[in-house]
Amino acid sequence: MHAEPVAVVGDVVLDRDLEGTSTRLCPDAPVPVVDADHTRVSPGGAGLAALMCARIDRVPRVRLVAPLADDAAGKTLRSELADIDVRALGHKGGTRTKTRIRAGGQTLLRVDDGGPATPRDVDPARLADALAGAVVLVSDYGAGTTRDPAVRAGLEQAARDGDVIWDPHPRGGPPVPGCAVVTPNLAEALDAAGALGLDADPERPGELARALRRAWEARAVVVTVGSEGAWLAEGDDLRQIPSGGREAGDPCGAGDRVAASIAASL
């Protein structure tokens with residue numbers, strides 16, 4: 001049996017990490033002075049999820065379906081995603097960028113600009129072709145892709161035809177009915193439960209996963225709870241999945257990795 005490709009759908013950002021050292025404070029304000037050493041750029045959001053999928057051996061091909069702008073930052077993104085089959089959607093505004101100022105391995109400040117990065121002129125036929133025959137991973141970063149009517153219609157059909165894994169965001173659209181797995185972290189799960197009018201107890205993430213599975217009409221919901229692992233509600237079954245937790249100063253991309261691993265396993 002040939003493994004299916006993974007089609008990642010969502011919002012892409014350009015991440016910039018300005019790395020430097022800080023040994024003194026600014027003379028006119030109590031803030032650190034960072035002497036820049038280098039700047040690293042990389043795809044974030046759905047772009048990061050696509051790269052993670054591409055690095056898993058059992059995933060044969062990866063498609064990325066996302067709005068991409070035709071500005072300098074957008075060209076940088078395309079270059080960084082050269083090994084991915086990019087199916088670009090129309091993009092409103094400039095490329096969303098997140099610039100982190102870092103020193104000593106710690107983030108001191110983040111500056112966001114660009115956007116709104118919502119889709120435009122989505123061709124339903126091209127979208128259907130991009131999703132055809134693939135396990136679909138929705139990587140929502142709240143920029144509007146999952147709220148676009150044409151994109152939602154395509155994802156609803158994909159959920160009827162096959163497996164859709166949905167990594168949600170509080171500012172994004174709700175998961176379409178019939179998802180194979182939805183993967184909120186605890187904060188996202190609590191936010192979604194509040195929006196749906198569900199009883200939500202942060203001390204009982206398993207029951208939260210079960211309630212969301214029913215409300216979202218998903219086959220399974222995984223609520224991740226950091227170093228405590230995750231709670232999986234699948235059908236009427238509920239179980240805790242332990243984590244081999246380890247100390248890490250930067251948890252960026254942890255949720256993407258969970259969703260990418262599930263997509264690869266399907």
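Residues are numbered from 1 along each chain as its sequence is written, and side-chain values use heavy atoms, without hydrogens or water. Because the model is predicted, local features need pLDDT of at least 70 and side-chain atom pairs count only at pLDDT 80 or more, while totals for chains, interfaces and linings use all residues.

**View 1. Helix α6 covers residues 205-216.** Helices (H or I, at least four residues) and strands (E, at least two) are DSSP runs, numbered from the N terminus. Twelve residues make up α6. Its first and last C-alpha atoms are 16 Å apart, close to the 16 Å expected at 1.5 Å a residue. That expected span is 1.5 Å times one less than the number of residues.

**View 2. Buried residues of α6 pack against other elements.** Buried means under 20% relative accessible area, exposed over 50%, and partly exposed in between (1.4 Å probe, protein chains only). In α6, the buried residues are Pro205, Gly206, Leu208, Ala209, Arg210, Leu212, Arg213 and Trp216. Their packing partners include the helix α5 (186-196). Also among the partners are β9 (181-182), β10 (220-224), β11 (230-234) and β12 (237-241). Contact here means heavy atoms within 4.5 Å.

**View 3. Helices α1 and α7 cross.** Two packed helices are described by the angle between their axes and the distance between the axes. Axes are lines fitted to C-alpha atoms, for helices over the stretch in contact; angles run from 0 to 180 degrees between N-to-C directions. The axes of α1 (residues 46-54) and α7 (residues 254-265) come within 9 Å and cross at roughly 45 degrees. So α1 is oblique to α7. Angles under 35 degrees count as roughly parallel, over 145 as roughly antiparallel, 65 to 115 as roughly perpendicular, and the rest as oblique. From α1, Leu48, Ala49, Met52 and Cys53 make the contact. From α7, Asp256, Arg257 and Ala260 take part.

View 4. Cys53 is buried, at a relative accessible area of 0%. Cys179 is buried too, with a relative accessible area of 0%.
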